[in-house]
Amino acid sequence: MAQTETMPEKSAPPKILVMRYSSLGDVALTNPLLDGLQAASPRSPIFYATKSQYAPVVQAHPAVTRVLALKGRGLLGLLDHISEVRAEKPDVVLDLHDSLRSHIVGFFLRGAKFLVYDKEALERRMLVHKLTQKPSMHTIQKYLKVLEPLGIKPRVRIPFEIHVSKKSQSFVRDFMERRKISTAQMVVGLGPGARWATKQWMPERYAELASRLVEDYRCTLLWFGSREEAPLIRKIQARMRGTTLERGINLAEGNSLEEAIALLGRCDLFIGNDSGLTHLASGRGCRVVVIYGSTTPSLGFEPWGPHTVVEVASLPCRPCDVHGKKSCPLGHFKCMEDLTVDLVEGAVKRSIRRSR
(Lines give C-alpha, C1' and ligand atoms only; values in the text may rest on other atoms or scores of the structure.)
Protein backbone atom coordinates (compact mmCIF):
# COMPACT_ATOMS: atom_id res chain seq x y z
CA MET A 1 0.00 0.00 0.00
CA ALA A 2 1.14 3.54 -0.54
CA GLN A 3 1.06 6.57 1.71
CA THR A 4 1.33 10.26 0.84
CA GLU A 5 -0.84 13.17 -0.14
CA THR A 6 -3.85 12.03 -2.08
CA MET A 7 -3.78 12.58 -5.83
CA PRO A 8 -5.12 16.00 -6.74
CA GLU A 9 -8.66 15.41 -7.96
CA LYS A 10 -10.78 17.52 -10.23
CA SER A 11 -14.53 17.78 -9.72
CA ALA A 12 -14.62 14.36 -11.32
CA PRO A 13 -11.88 11.99 -10.11
CA PRO A 14 -9.46 10.85 -12.82
CA LYS A 15 -10.14 7.58 -14.58
CA ILE A 16 -7.12 5.30 -14.29
CA LEU A 17 -6.11 2.50 -16.63
CA VAL A 18 -3.58 -0.13 -15.54
CA MET A 19 -2.08 -2.32 -18.28
CA ARG A 20 -0.29 -5.61 -17.58
CA TYR A 21 -1.11 -8.36 -20.06
CA SER A 22 1.07 -11.24 -18.84
CA SER A 23 2.35 -13.39 -17.29
CA LEU A 24 0.64 -14.93 -14.26
CA GLY A 25 3.22 -13.92 -11.66
CA ASP A 26 3.74 -10.45 -13.14
CA VAL A 27 0.02 -9.71 -13.00
CA ALA A 28 -0.15 -11.01 -9.42
CA LEU A 29 2.63 -8.67 -8.31
CA THR A 30 0.67 -5.59 -9.43
CA ASN A 31 -1.77 -5.93 -6.52
CA PRO A 32 0.23 -3.65 -4.15
CA LEU A 33 0.13 -0.95 -6.82
CA LEU A 34 -3.67 -1.24 -6.85
CA ASP A 35 -3.61 -0.80 -3.07
CA GLY A 36 -1.60 2.38 -3.53
CA LEU A 37 -3.98 3.80 -6.11
CA GLN A 38 -6.99 3.06 -3.95
CA ALA A 39 -5.44 4.73 -0.91
CA ALA A 40 -4.35 7.84 -2.83
CA SER A 41 -7.44 8.32 -5.02
CA PRO A 42 -10.31 6.35 -3.50
CA ARG A 43 -12.97 7.87 -5.80
CA SER A 44 -11.14 7.14 -9.05
CA PRO A 45 -12.53 4.44 -11.34
CA ILE A 46 -9.69 1.99 -11.98
CA PHE A 47 -9.73 -0.23 -15.06
CA TYR A 48 -7.32 -3.10 -15.53
CA ALA A 49 -6.32 -4.36 -18.99
CA THR A 50 -4.93 -7.90 -19.12
CA LYS A 51 -5.35 -11.18 -20.98
CA SER A 52 -8.63 -12.89 -20.14
CA GLN A 53 -6.92 -15.90 -18.54
CA TYR A 54 -5.26 -13.68 -15.94
CA ALA A 55 -8.35 -11.65 -15.00
CA PRO A 56 -9.04 -13.70 -11.81
CA VAL A 57 -5.76 -12.47 -10.33
CA VAL A 58 -7.02 -8.87 -10.01
CA GLN A 59 -10.77 -8.88 -10.62
CA ALA A 60 -11.70 -9.19 -6.92
CA HIS A 61 -9.45 -6.34 -5.81
CA PRO A 62 -11.68 -3.69 -4.20
CA ALA A 63 -9.97 -0.92 -6.18
CA VAL A 64 -10.76 -2.43 -9.59
CA THR A 65 -13.89 -1.06 -11.21
CA ARG A 66 -13.67 -3.40 -14.17
CA VAL A 67 -11.23 -5.74 -15.87
CA LEU A 68 -10.87 -5.05 -19.60
CA ALA A 69 -9.94 -8.50 -20.81
CA LEU A 70 -8.02 -9.13 -24.00
CA LYS A 71 -9.73 -12.17 -25.51
CA GLY A 72 -8.19 -14.42 -28.09
CA ARG A 73 -5.22 -13.71 -30.31
CA GLY A 74 -4.52 -11.82 -33.47
CA LEU A 75 -5.30 -8.40 -34.85
CA LEU A 76 -9.09 -8.60 -34.61
CA GLY A 77 -8.96 -9.48 -30.94
CA LEU A 78 -6.56 -6.60 -30.27
CA LEU A 79 -8.74 -4.13 -32.19
CA ASP A 80 -11.81 -5.18 -30.19
CA HIS A 81 -9.80 -4.73 -27.01
CA ILE A 82 -8.58 -1.27 -28.05
CA SER A 83 -12.17 -0.23 -28.77
CA GLU A 84 -13.24 -1.37 -25.30
CA VAL A 85 -10.35 0.46 -23.62
CA ARG A 86 -10.92 3.70 -25.58
CA ALA A 87 -14.58 3.71 -24.56
CA GLU A 88 -13.55 4.21 -20.92
CA LYS A 89 -11.59 7.40 -21.80
CA PRO A 90 -8.88 7.06 -19.14
CA ASP A 91 -7.15 10.20 -17.87
CA VAL A 92 -4.10 8.37 -16.46
CA VAL A 93 -2.53 5.26 -18.00
CA LEU A 94 -0.07 3.11 -16.06
CA ASP A 95 1.79 0.88 -18.53
CA LEU A 96 3.20 -1.89 -16.34
CA HIS A 97 4.23 -4.00 -19.33
CA ASP A 98 6.18 -1.70 -21.65
CA SER A 99 5.64 -4.07 -24.58
CA LEU A 100 4.69 -3.70 -28.23
CA ARG A 101 1.09 -4.56 -27.37
CA SER A 102 0.82 -2.00 -24.59
CA HIS A 103 2.41 0.63 -26.85
CA ILE A 104 -0.14 -0.07 -29.59
CA VAL A 105 -3.03 0.25 -27.12
CA GLY A 106 -1.48 3.44 -25.76
CA PHE A 107 -1.24 4.96 -29.23
CA PHE A 108 -5.04 5.13 -29.34
CA LEU A 109 -5.33 6.83 -25.93
CA ARG A 110 -4.24 10.33 -26.91
CA GLY A 111 -4.63 12.96 -24.22
CA ALA A 112 -4.06 10.62 -21.29
CA LYS A 113 -1.13 11.06 -18.89
CA PHE A 114 1.22 8.07 -19.44
CA LEU A 115 3.50 6.52 -16.81
CA VAL A 116 5.63 3.54 -17.87
CA TYR A 117 7.19 0.76 -15.79
CA ASP A 118 10.97 0.44 -15.99
CA LYS A 119 11.62 -3.31 -16.13
CA GLU A 120 15.40 -2.77 -15.79
CA ALA A 121 15.95 -5.13 -18.72
CA LEU A 122 19.57 -4.05 -19.19
CA GLU A 123 20.42 -4.51 -15.51
CA ARG A 124 18.94 -8.00 -15.46
CA ARG A 125 20.79 -8.96 -18.65
CA MET A 126 23.98 -7.77 -17.00
CA LEU A 127 23.28 -10.14 -14.11
CA VAL A 128 22.84 -13.02 -16.55
CA HIS A 129 26.10 -12.20 -18.31
CA LYS A 130 27.92 -11.72 -14.98
CA LEU A 131 28.72 -8.07 -15.71
CA THR A 132 27.29 -7.02 -12.35
CA GLN A 133 26.41 -8.61 -9.02
CA LYS A 134 23.99 -5.91 -7.94
CA PRO A 135 20.54 -7.48 -7.44
CA SER A 136 17.64 -6.08 -9.41
CA MET A 137 14.98 -4.17 -7.49
CA HIS A 138 12.01 -6.38 -6.63
CA THR A 139 9.25 -6.24 -9.24
CA ILE A 140 6.70 -4.96 -6.70
CA GLN A 141 8.98 -2.03 -5.91
CA LYS A 142 9.48 -1.31 -9.62
CA TYR A 143 5.72 -1.16 -10.11
CA LEU A 144 5.30 1.20 -7.17
CA LYS A 145 7.96 3.54 -8.58
CA VAL A 146 5.55 4.18 -11.48
CA LEU A 147 3.29 5.96 -8.98
CA GLU A 148 5.93 8.42 -7.75
CA PRO A 149 5.20 11.11 -10.40
CA LEU A 150 1.65 11.14 -9.02
CA GLY A 151 3.01 11.92 -5.55
CA ILE A 152 2.34 8.40 -4.28
CA LYS A 153 5.20 6.86 -2.33
CA PRO A 154 5.22 3.34 -0.82
CA ARG A 155 5.14 2.66 2.87
CA VAL A 156 8.14 1.04 4.53
CA ARG A 157 6.17 -2.17 4.87
CA ILE A 158 4.34 -3.08 1.66
CA PRO A 159 1.57 -5.68 2.06
CA PHE A 160 0.82 -8.12 -0.75
CA GLU A 161 -2.64 -9.61 -0.91
CA ILE A 162 -4.57 -11.24 -3.74
CA HIS A 163 -8.27 -10.82 -3.07
CA VAL A 164 -10.99 -13.37 -3.78
CA SER A 165 -14.75 -12.95 -4.12
CA LYS A 166 -17.37 -14.11 -1.62
CA LYS A 167 -18.40 -16.70 -4.18
CA SER A 168 -14.85 -18.10 -4.19
CA GLN A 169 -14.77 -18.16 -0.40
CA SER A 170 -17.99 -20.18 -0.40
CA PHE A 171 -16.46 -22.52 -2.98
CA VAL A 172 -13.52 -23.23 -0.63
CA ARG A 173 -15.85 -24.05 2.27
CA ASP A 174 -17.92 -26.39 0.11
CA PHE A 175 -14.78 -27.99 -1.37
CA MET A 176 -13.35 -28.74 2.06
CA GLU A 177 -16.65 -30.12 3.31
CA ARG A 178 -17.05 -32.42 0.30
CA ARG A 179 -13.49 -33.69 0.72
CA LYS A 180 -13.95 -34.00 4.50
CA ILE A 181 -10.89 -31.82 5.17
CA SER A 182 -11.30 -30.31 8.64
CA THR A 183 -10.15 -26.84 9.64
CA ALA A 184 -7.52 -28.48 11.87
CA GLN A 185 -6.06 -30.56 9.03
CA MET A 186 -2.67 -29.48 7.71
CA VAL A 187 -2.88 -28.71 3.99
CA VAL A 188 0.20 -28.49 1.76
CA GLY A 189 0.02 -27.05 -1.74
CA LEU A 190 2.49 -28.06 -4.44
CA GLY A 191 3.19 -26.46 -7.81
CA PRO A 192 5.58 -28.73 -9.76
CA GLY A 193 5.20 -26.97 -13.11
CA ALA A 194 6.83 -23.95 -14.71
CA ARG A 195 6.81 -22.45 -18.16
CA TRP A 196 10.49 -23.21 -18.74
CA ALA A 197 12.07 -26.63 -18.26
CA THR A 198 15.15 -25.25 -16.48
CA LYS A 199 12.87 -23.95 -13.71
CA GLN A 200 11.29 -27.35 -13.01
CA TRP A 201 12.53 -29.63 -10.24
CA MET A 202 12.35 -33.31 -11.24
CA PRO A 203 8.94 -35.07 -11.02
CA GLU A 204 10.39 -38.10 -9.22
CA ARG A 205 11.81 -35.83 -6.53
CA TYR A 206 8.50 -34.09 -6.04
CA ALA A 207 6.96 -37.56 -5.68
CA GLU A 208 9.45 -38.60 -3.00
CA LEU A 209 9.15 -35.31 -1.12
CA ALA A 210 5.34 -35.47 -1.18
CA SER A 211 5.39 -39.09 0.06
CA ARG A 212 7.61 -38.13 2.98
CA LEU A 213 5.41 -35.19 3.92
CA VAL A 214 2.30 -37.35 4.06
CA GLU A 215 4.13 -39.99 6.12
CA ASP A 216 5.58 -37.43 8.57
CA TYR A 217 2.69 -34.97 8.92
CA ARG A 218 -0.42 -36.85 7.72
CA CYS A 219 -1.18 -33.72 5.68
CA THR A 220 -3.57 -33.29 2.79
CA LEU A 221 -1.89 -32.47 -0.54
CA LEU A 222 -3.33 -30.07 -3.10
CA TRP A 223 -1.56 -30.10 -6.47
CA PHE A 224 -1.79 -26.83 -8.41
CA GLY A 225 -1.11 -26.16 -12.08
CA SER A 226 -2.56 -25.27 -15.47
CA ARG A 227 -4.64 -27.76 -17.44
CA GLU A 228 -1.54 -28.49 -19.52
CA GLU A 229 0.27 -29.51 -16.34
CA ALA A 230 -2.38 -32.03 -15.23
CA PRO A 231 -0.49 -34.97 -16.86
CA LEU A 232 2.70 -33.93 -15.05
CA ILE A 233 0.86 -34.02 -11.72
CA ARG A 234 -0.67 -37.42 -12.52
CA LYS A 235 2.82 -38.69 -13.33
CA ILE A 236 4.10 -37.48 -9.97
CA GLN A 237 1.16 -38.97 -8.08
CA ALA A 238 1.72 -42.33 -9.81
CA ARG A 239 5.25 -42.45 -8.39
CA MET A 240 4.18 -41.71 -4.84
CA ARG A 241 3.76 -44.18 -2.04
CA GLY A 242 0.48 -44.52 -0.18
CA THR A 243 -3.19 -44.63 -1.10
CA THR A 244 -4.94 -42.63 -3.79
CA LEU A 245 -6.28 -40.33 -1.09
CA GLU A 246 -2.82 -39.78 0.36
CA ARG A 247 -1.45 -38.83 -3.05
CA GLY A 248 -3.57 -35.71 -2.97
CA ILE A 249 -5.96 -33.83 -5.23
CA ASN A 250 -5.00 -32.81 -8.75
CA LEU A 251 -6.62 -29.37 -9.09
CA ALA A 252 -5.22 -28.88 -12.59
CA GLU A 253 -7.69 -31.40 -13.98
CA GLY A 254 -10.88 -29.45 -13.47
CA ASN A 255 -10.57 -26.39 -11.32
CA SER A 256 -10.40 -22.85 -12.67
CA LEU A 257 -7.69 -20.32 -11.86
CA GLU A 258 -10.20 -18.40 -9.75
CA GLU A 259 -10.89 -21.54 -7.68
CA ALA A 260 -7.19 -22.35 -7.41
CA ILE A 261 -6.41 -18.86 -6.10
CA ALA A 262 -9.11 -19.25 -3.46
CA LEU A 263 -7.86 -22.71 -2.42
CA LEU A 264 -4.31 -21.41 -2.00
CA GLY A 265 -5.64 -19.40 0.91
CA ARG A 266 -6.40 -22.67 2.73
CA CYS A 267 -2.87 -24.03 2.36
CA ASP A 268 -0.62 -23.91 5.42
CA LEU A 269 2.46 -24.22 3.21
CA PHE A 270 3.17 -24.05 -0.52
CA ILE A 271 6.13 -25.70 -2.26
CA GLY A 272 6.85 -24.77 -5.86
CA ASN A 273 9.32 -23.72 -8.50
CA ASP A 274 10.11 -20.11 -9.44
CA SER A 275 6.76 -19.60 -11.15
CA GLY A 276 3.58 -17.56 -11.12
CA LEU A 277 1.89 -20.03 -8.76
CA THR A 278 4.48 -19.33 -6.10
CA HIS A 279 3.56 -15.62 -6.22
CA LEU A 280 -0.13 -16.45 -6.05
CA ALA A 281 0.51 -18.57 -2.96
CA SER A 282 2.46 -15.76 -1.33
CA GLY A 283 -0.32 -13.29 -2.14
CA ARG A 284 -2.84 -15.60 -0.51
CA GLY A 285 -0.89 -15.66 2.75
CA CYS A 286 0.94 -18.96 2.38
CA ARG A 287 4.36 -19.58 3.80
CA VAL A 288 6.33 -20.55 0.67
CA VAL A 289 9.27 -22.81 -0.09
CA VAL A 290 10.53 -21.84 -3.55
CA ILE A 291 12.90 -24.04 -5.57
CA TYR A 292 15.26 -22.13 -7.84
CA GLY A 293 17.06 -23.67 -10.82
CA SER A 294 18.35 -21.59 -13.72
CA THR A 295 17.02 -18.30 -12.31
CA THR A 296 17.96 -16.57 -9.06
CA PRO A 297 16.29 -14.29 -6.50
CA SER A 298 18.64 -11.50 -7.64
CA LEU A 299 16.53 -11.04 -10.78
CA GLY A 300 13.75 -9.41 -8.75
CA PHE A 301 11.02 -12.06 -8.74
CA GLU A 302 11.53 -13.55 -5.28
CA PRO A 303 8.30 -14.27 -3.34
CA TRP A 304 7.30 -11.20 -1.35
CA GLY A 305 5.90 -12.78 1.83
CA PRO A 306 7.43 -15.26 4.29
CA HIS A 307 9.43 -17.76 2.28
CA THR A 308 12.43 -20.05 2.14
CA VAL A 309 14.68 -20.24 -0.91
CA VAL A 310 16.21 -23.57 -1.95
CA GLU A 311 19.00 -23.23 -4.51
CA VAL A 312 22.52 -24.25 -5.48
CA ALA A 313 24.01 -20.86 -4.67
CA SER A 314 27.62 -21.62 -5.62
CA LEU A 315 27.05 -22.38 -9.31
CA PRO A 316 28.83 -19.72 -11.42
CA CYS A 317 26.52 -20.36 -14.40
CA ARG A 318 23.43 -19.13 -12.52
CA PRO A 319 21.40 -17.29 -13.64
CA CYS A 320 21.65 -18.44 -17.25
CA ASP A 321 18.59 -16.48 -18.37
CA VAL A 322 16.16 -13.87 -17.07
CA HIS A 323 13.12 -16.12 -17.53
CA GLY A 324 14.44 -19.66 -17.98
CA LYS A 325 15.31 -21.94 -20.88
CA LYS A 326 14.06 -25.09 -22.60
CA SER A 327 17.19 -26.97 -21.56
CA CYS A 328 20.45 -26.42 -19.72
CA PRO A 329 22.81 -24.54 -22.07
CA LEU A 330 25.80 -26.38 -20.56
CA GLY A 331 24.17 -29.80 -20.57
CA HIS A 332 24.72 -30.68 -16.90
CA PHE A 333 21.62 -29.10 -15.29
CA LYS A 334 23.43 -29.02 -11.96
CA CYS A 335 21.19 -26.21 -10.69
CA MET A 336 18.43 -28.80 -10.29
CA GLU A 337 20.38 -32.07 -10.26
CA ASP A 338 22.20 -30.98 -7.10
CA LEU A 339 18.97 -30.13 -5.27
CA THR A 340 18.35 -33.43 -3.51
CA VAL A 341 15.11 -34.46 -1.83
CA ASP A 342 16.87 -34.31 1.54
CA LEU A 343 17.92 -30.72 0.89
CA VAL A 344 14.42 -29.55 -0.05
CA GLU A 345 12.81 -31.58 2.73
CA GLY A 346 15.07 -29.87 5.25
CA ALA A 347 13.93 -26.46 4.03
CA VAL A 348 10.29 -27.55 4.20
CA LYS A 349 10.62 -28.80 7.77
CA ARG A 350 12.35 -25.60 8.87
CA SER A 351 9.52 -23.60 7.30
CA ILE A 352 6.88 -25.71 9.09
CA ARG A 353 8.63 -25.22 12.43
CA ARG A 354 8.68 -21.43 11.92
CA SER A 355 4.97 -21.34 11.20
CA ARG A 356 4.03 -23.07 14.44
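These notebook entries record what I looked up in the structure above.

**Entry 1. Basis.** I worked from a predicted model, in which local features need pLDDT of at least 70, side-chain atom pairs count only at pLDDT 80 or more, and totals for chains, interfaces and linings use all residues. Residues are numbered from 1 along each chain as its sequence is written, and side-chain values use heavy atoms, with hydrogens and water left out.

**Entry 2. Salt bridges.** I searched the whole structure for salt bridges (a side-chain nitrogen of Lys or Arg within 4 Å of a carboxyl oxygen of Asp or Glu). The search gives 20 of them.

I then followed Arg212. Its partner Asp342 has its closest N and O atoms 2.7 Å apart from those of Arg212. This pair joins distant parts of the chain, with Asp342 in helix 13 (residues 341–355) and Arg212 in helix 8, 130 residues apart. For helices I took DSSP runs of H or I with at least four residues, and for strands runs of E with at least two, numbered from the N terminus.

Arg212 also forms a salt bridge with Glu345, at 2.8 Å from N to O.

I compared the two partners by relative accessible area (buried is under 20%, exposed over 50%, partly exposed in between; 1.4 Å probe, protein chains only). Asp342 is exposed at 53%, whereas Glu345 is buried at 12%.

Entry 3. Glu215 forms a salt bridge with Arg241, the closest N and O atoms lying 2.8 Å apart. Glu215 is in helix 8, while Arg241 is in the loop between helix 9 (230–238) and strand 8 (249–250), 26 residues apart. Both are partly exposed: Glu215 at 42% and Arg241 at 38%. I noted that a network of salt bridges links Glu208, Arg212, Glu215, Asp216, Arg241, Asp342, Glu345 and Lys349.

**Entry 4. Glu204.** Glu204 is in helix 8 (residues 203–217) and is partly exposed at 36%. Its C-alpha is 9.3 Å from that of Gln237, 33 residues apart in sequence.

**Entry 5. Backbone.** I found a cis peptide bond from Ser22 to Ser23, with omega near -10°. Ser23 is in the loop between strand 1 (16–19) and helix 1 (24–28). The bond from Arg318 to Pro319 is also cis, with omega near -10°.

Lys89, not a glycine, has a positive phi of about 50°; Lys89 is exposed at 64%. Asp98, not a glycine either, has a positive phi of about 50° and is partly exposed at 28%.
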